[in-house]
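Let's take a walk through this structure together. Have a look at the sequence and the 3D view, and then we'll start with the ligand.

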Amino acid sequence: MAEIQTDLNVQKEIEELRSLIRDIPDFPKPGIIFKDITPLLHKPWALQKVIDFIGNRYVGAGVDIVAGIESRGFILASALAYKIGAGLAIIRKPGKLPYKTISATYTLEYGEDKIEVHEDAIQRGMKVVLIDDVLATGGTMGAAIDLIEKLGGNIVSVDFLLELTFLEGRKKIEDRGYPIFSLIKF
Ligand code: AMP
């Protein structure tokens, strides 16, 4: 999927969006710097810009469905699905989805976690864009990719609003052969 043209205006706009991400030290636990996207969401123009930047890359791409990861991924996924005229699939924490689900587990610093999707969310061969707010270690997105692969979806891109580059989560996704895109890098 096309990268965004990095002319000076675009760079300036992305820098402005970047300045709206707030660092919250020691949340939700000591040692973590939480990237709070709510100041960006509060600005009338900023969410629109984000979705335009991400979504304009899909003009004519025939994406069938955007899959978003609970919970902040939903905010971006539904707006992106609306923008590009695709369906929306929701990938949720365990026990939240009412119909038959499939699940994938992934490793956390201590222990494991799980995500689920409805078994009929994606039909075999559908073109899927996966999206979440933050790429950190890539564990969550790795499990989301497992789910889409199990359902036979064709992942055209894995997108993030922001990427914590020092955690090198990108490599995990690239190693699986999928294009990856993040609008804002830290
Ligand atoms: P990971 O699986 O390590 O890539 O973590 C990604 C998931 O955890 C995303 O759904 C993010 O919302 C959340 N996350 C991880 N680290 C942060 C952070 N520093 N700030 C905000 N959200 C984070």
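**The ligand and its surroundings**

The ligand sits in the largest pocket. Here, a pocket is an open set of points on a 1 Å grid over the protein atoms alone, with protein on both sides within 12 Å along at least five of seven lines, and a molecule sits in it if more than half of its atoms lie within 2 Å of its grid points.

Keep in mind that this is a predicted model, where local features need pLDDT of at least 70, side-chain atom pairs count only at pLDDT 80 or more, and totals for chains, interfaces and linings use all residues. Residues are numbered from 1 along each chain as its sequence is written, and side-chain values use heavy atoms, with hydrogens and water left out.

So what touches the ligand? Let's check the polar contacts, meaning pairs of N or O atoms within 3.5 Å. Ile33 has a backbone N or O atom 2.9 Å from a ligand nitrogen, and for Lys35 a backbone N or O atom lies 2.8 Å from a nitrogen of the ligand. On its own, the ligand has 490 Å² of accessible area (Shrake-Rupley method, 1.4 Å probe), and the protein covers 81% of that.

Lys35 turns up again elsewhere: its charged end sits over the ring of Phe186, 3.9 Å from the centre. "Over a ring" means that NZ of Lys or CZ of Arg is within 6 Å of the ring centre and within 35 degrees of the ring normal. Lys49 does this too, with its charged end 5.7 Å from the centre of the Phe53 ring.

Conventions. A polar contact is a pair of N or O atoms within 3.5 Å; within protein, one must be able to donate a hydrogen and the other to accept it, and residues adjacent in sequence count only if both atoms are side-chain atoms. On a 1 Å grid over the protein atoms alone, a cavity is a set of points where a 1.4 Å probe fits but cannot get out, and a pocket is an open set with protein on both sides within 12 Å along at least five of seven lines; lining residues have an atom within 4 Å of a point.
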